[in-house]
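Please look at the structure before reading on.

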Amino acid sequence: MLISMNWISDFVDLSGLDLPALIQRFTLSTAEVEEVMEMGRDLRDVVAGKILSVENHPDSKKLHLLKVDGGDKIYDVVCGAPNVREGLIVPFVKEGGMVAGQEISCAKIAGYESHGMCCSEHELGISADHSGLMELPEDSPIGKDITEIYAIKDTVFEVDNKSLTNRPDLWGHYGIAREFAALTGRELRPLETVSLEAFDQLDPIAIDVQDQELCFRYTGLKVRNITKNVSPVNMRIRLFYCGSRAINLLADLTNYLMLEMGQPMHAFDCAKVDRIEVKRFPEAFSFTTLDGVERKVDENTLMICSGGKPVAVAGIMGGLDSEIEGDTDSLLLESANFDAASVRKSSTRLGLRTDASMRYEKTLDPEMTVPAIGRFMKLLLDVDPEAQVISRLTDVYVKHYPEVELTFDKAYVDRYTGIEIENSRILDTLRSLGFGADCSADRFTVKVPSWRATKDVTIKADIIEEITRVYGYDNFAVSTTLSPLYPQKKSPQNKTDNFVKDILVQSYQLHEVHSYIWADAKKAKSLGLEPEENVRLINAQTPDHEVLRRSMGPTLLAVLQENRSFAAEFGVFEIGRVCEGLLPDGLCSERKKLGIALYSRVKTEKELYFQLIEMVKALGRGVKRQEFQLANASAAYGWQHPRNTAVIMAAGRTLGWLCALKPSVAKNIDKKAAVVCAQLDMDEFALLPDGGLTYQEPSRFPGIDIDLSLLLPEGMRFADMESAWVGMGDSLKDVSLIDSFIQNGQKSLTLRFAFSSNEKTLSKEEVQPVVDGVVEKLAKAGVALRG
Amino acid sequence: MKETIDGLRESFEQELSKAVSSEAVEKLRVAYLGKKGSVTELLKGLKNASADQKKELGQHINQLKKQVEEKLLHQIEAIQAAEEQRAIDGAEQYDVTLPAGGDPGSYHPITIVQRQLEEIFTSMGFTVEDYPEIVTDYECFEAVNVPKDHPARDMQDTYYLENGQLLKTQTSAAQNAILRKYGAPCRSIFPGRCFRNEATDASHENTFFQMEGIMVDKDISISNLIYFMKTMLSEVFERDVKVRLRPGFFPFVEPGFELDINCLICGGEGCSTCHHSGWVELCPCGMIHPNVLKMGGVDPEKYTGFAFGLGLTRLVMMKYGVKDIRDLNSGNLKALSQFRHE
């Protein structure tokens, strides 16, 4: 919202104060100022000049040769404006003067010297009108600086509308002026209004508020005999500076009043609208608003009607049919108050946000409607003293907000602020903002003014804000708390997450990525992944993103695919959320998962698969000192490899899975690369007990390693052979895999059996019986020693 | 006899001068000092001499033996040194400027900044809390005092799910549960991923990270809030930052503030980043609204508290100069693999 300091100065005397500093203070105490603009500062030597003579240019149809009286002398001027004529008084830039930041020097135009320039309003920067020269009144003093005739010089600042969301009282200049008065300790002048009691004997307007739920108050007045059509220049300048556009006197007055008091007003042509009903329609219908757009209005939208016919969308925009036109000489003035949420929702549905709806959305003070009409009449009569009121001020006041009175102790203020603010200062602040405030024996009683009582100030803590913001947060002494400090342990979840990230990044060179909680249907399709059924968003930006993901797999596979050019071999991981359908109570089963995906154009799929197993096992050992077990399992998702999918288990719980991909899916990602992926449930992982540590004295004696090369029968797995050596004596410390290959269709493994003793150096003879026992057992299971 | 000794010395020296390999020197040692070596033989021959001769000749022979030993040692050392030097001179000097692998993995920059913040806050006695991303209307709005008809609840801002739940729009959705978990006093931070239903562009994402913090105790004041924010932000940016508070409206706090810090680019002089104001808006904060405390089971007449919400994603962008917010969720390793360190 744009605020004119000239306008503010109508209500509070800011003379002698540093305006930029004051506006800065406004930012810190009230609302954020986004920009400060100095208006009319780019004008120099622009005076009221009288056109003494007009001659046609011999070579141009458009150009004229003028003699202009600039007050000090007569200037020869070449001018191309269409409305140029003898005797006209116009803004005139003398040679050497400046307009719109450009210096006007003597220039030859079409062969003639021009020693100045006559200006349009646009060139002066006071309106968008560049259709012709600005025509000044006949009694304008020739030679007088234009900025002394009109209030062109002004300081205008823009307040961030967002920071006014909760301040309905700041949507007009008067409310802002009140803030300046409070911040400077100066007096706020009352608004000058016309008393309308004199018209109480006139007939009322027929106002029927049928919808008492959404219309809180409707006040109206009829006026006739309006003889003027154009607003005074200074009013038009203010409107323009504040982002409005001058239209005609009545429309300008309603806009002016809205910018001044924050009360939106509507002027109906009395000839078309002489009675008012406020209601919703049972069915949707078409309605043309005064911007000429035909809109569909539904049954939830509050309408203003006259004789049953809709004439305006309440609080948003009038209808085209009842619009005030230049020749309207009588009007029905609406000053009303509507339900904020209803206006906001209607405006969203219609896609029509107006200055009026923006204000109503903020929950305006219904007490404003009557003074606004009094003020309107004051402004109207100042311009057009012939105007006549032809109805009683008719006021249907449906909903009153309760009066808010709050009491609190000085100790409450001290506790909240942490600093000492004197009682007198608290009282002064509150009173300057219009609050009724009293204090006795450190107990405050505060009455909230109506313009703050619609939603903004309702509890004691709200009063703290009023006191502290005017006091100034910059002036606060800052101090730490006196609360005792306790050591804080990180949760197992947090520790596990971080440990996992460290192992994957630092030991396995993986890259951490982030993605989205929904599945990407388009990407999934391009990889040949079947769409998954899961909980849906009802308002996704695109249908491709409406299903929540069930696992990390598809997300990370897409990441691999998109990064193929990154390196010949790389891996990514993410700790993210998935939704595993709905729980019995109807809530989503949200789980935190670790997803890992590896890509390699260097390794075989088998090598990559075992690398992934190593990584996963390293996580178990590293984070929880737990040995993860793997078991082949059937694929849970269509894209997993039906034979090479395994579940990951520990301490009797299933933690996740790892898998190669179904060949067709693998091919879609990259024909020339191997791809594997895994998922671990981080909540389950974090809850795993720590495997603990039992310290083993290291043997002081060298151990002995025996390698056995074995030929396995069809279908035999490592796990099936373990019983051959488990329990074969304390000296066998470890069995590890040295080599593994397939020869002539037969699986061959080389295992290393590590023996050692804490008492002595073992000889080969001492361990041979154990080895023989193992070989014998293996032989019974069909495992042969390789030659 | 004496002539024999001198002759032996002379022949040894001649032969030694010709022995230029360690093998030749060893041969020489065997020839003179070995079991059957010339010098050893001389010593053996002494047993036939008279006692006087024995003493005199013994001295001469031992002198010779010592000389031979020393010279052999000297010679072998010289040869080894020369061999070492040859090995050194012949060695390839490795090109240390050749490109080398060894790329470590990378952390997501959010992780890096989040860990930094967690460390600062745990050192100040705050717990770190985790919270779901899919929450109820009660958690996200009602329990933090967002009124029923507040615009934030509109469909255009919030992602709603078909089961009536929603994707949390702010980390405040955790406030109620955390207040209920700890009661007062309470100091906690809760980083998390949040969602806003909006179209994405270089500066807007529908999925982003925030980190919220609350501190509740008797007599927690606005003055304390300013102190903590200043201390914490100075740690984050590793310099003494200036902060200022402005009034700001958020339903979960009263009074509510927008916190600005002096612009890090220009140091407060004014530049394009800070729109020539010298200040950059950083985080909303405020005194926890009495209704929020009440709903969290904390008596607002006894306790007060402050809350703040840091835009983690925004901090990351500021810290690393990331211009397009979408890079962070893109999975693009050309962007993300750069964040190697914590």
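How many residues does the contact take from chain A and from chain B? In this predicted model, the contact takes 72 residues from chain A and 62 residues from chain B. On the side of chain A that touches chain B, the largest share, seven residues, comes from helix H14 (residues 492-507) of chain A. The table sorts that side of chain A by residue class.

| Class, side of chain A touching chain B | Count |
|---|---|
| Nonpolar | 31 residues |
| Polar | 27 residues |

The interior is considered next. In soluble globular proteins, nonpolar side chains tend to be buried together. The largest nonpolar core holds 279 residues, and Ala597(A), Val675(A) and Val676(A) touch the most other members. Helix H7 (residues 249-261) of chain A gives this core its largest share, nine residues. A second, separate core has ten residues, including Phe12(B), Leu28(B), Leu57(B) and Val68(B).

What does Val676(A) touch, leaving aside residues up to four places away in sequence? Its partners are Leu598(A), Glu605(A), Leu608(A), Tyr609(A), Leu612(A), Leu658(A), Cys659(A) and Ala660(A).

Chain A also contains an open sheet of five strands in the order E12-E15-E18-E19-E20, with mixed pairing. Strand E12 (206-209) and strand E20 (317-318) of chain A are the edge strands, each pairing on one side only. Within the sheet, strand E15 (residues 275-280) and strand E18 (residues 302-306) of chain A pair in the antiparallel sense over four bridges. Arg280(A) stands opposite Leu302(A) in E18(A).

Notes
Residues are numbered from 1 along each chain as its sequence is written. Chains are lettered from A and ligands numbered from 1 in the order in which they are written. This is a predicted model: local features need pLDDT of at least 70, side-chain atom pairs count only at pLDDT 80 or more; totals for chains, interfaces and linings use all residues. A nonpolar core is a set of buried Ala, Val, Leu, Ile, Met, Phe, Trp, Tyr and Cys residues joined through C-beta atoms within 7 Å. A residue is buried if 20 or more other C-beta atoms lie within 10 Å of its own, exposed if 12 or fewer, and partly exposed in between; C-beta atoms are placed from the backbone. Helices (H or I, at least four residues) and strands (E, at least two) are DSSP runs, numbered from the N terminus. Two residues are in contact if their C-beta atoms, placed from the backbone, lie within 7 Å. Two strands pair if DSSP finds at least two bridges between them. Ala, Val, Leu, Ile, Met, Phe, Trp, Tyr, Cys and Pro count as nonpolar, Asp, Glu, Lys and Arg as charged, and the others, Gly among them, as polar.
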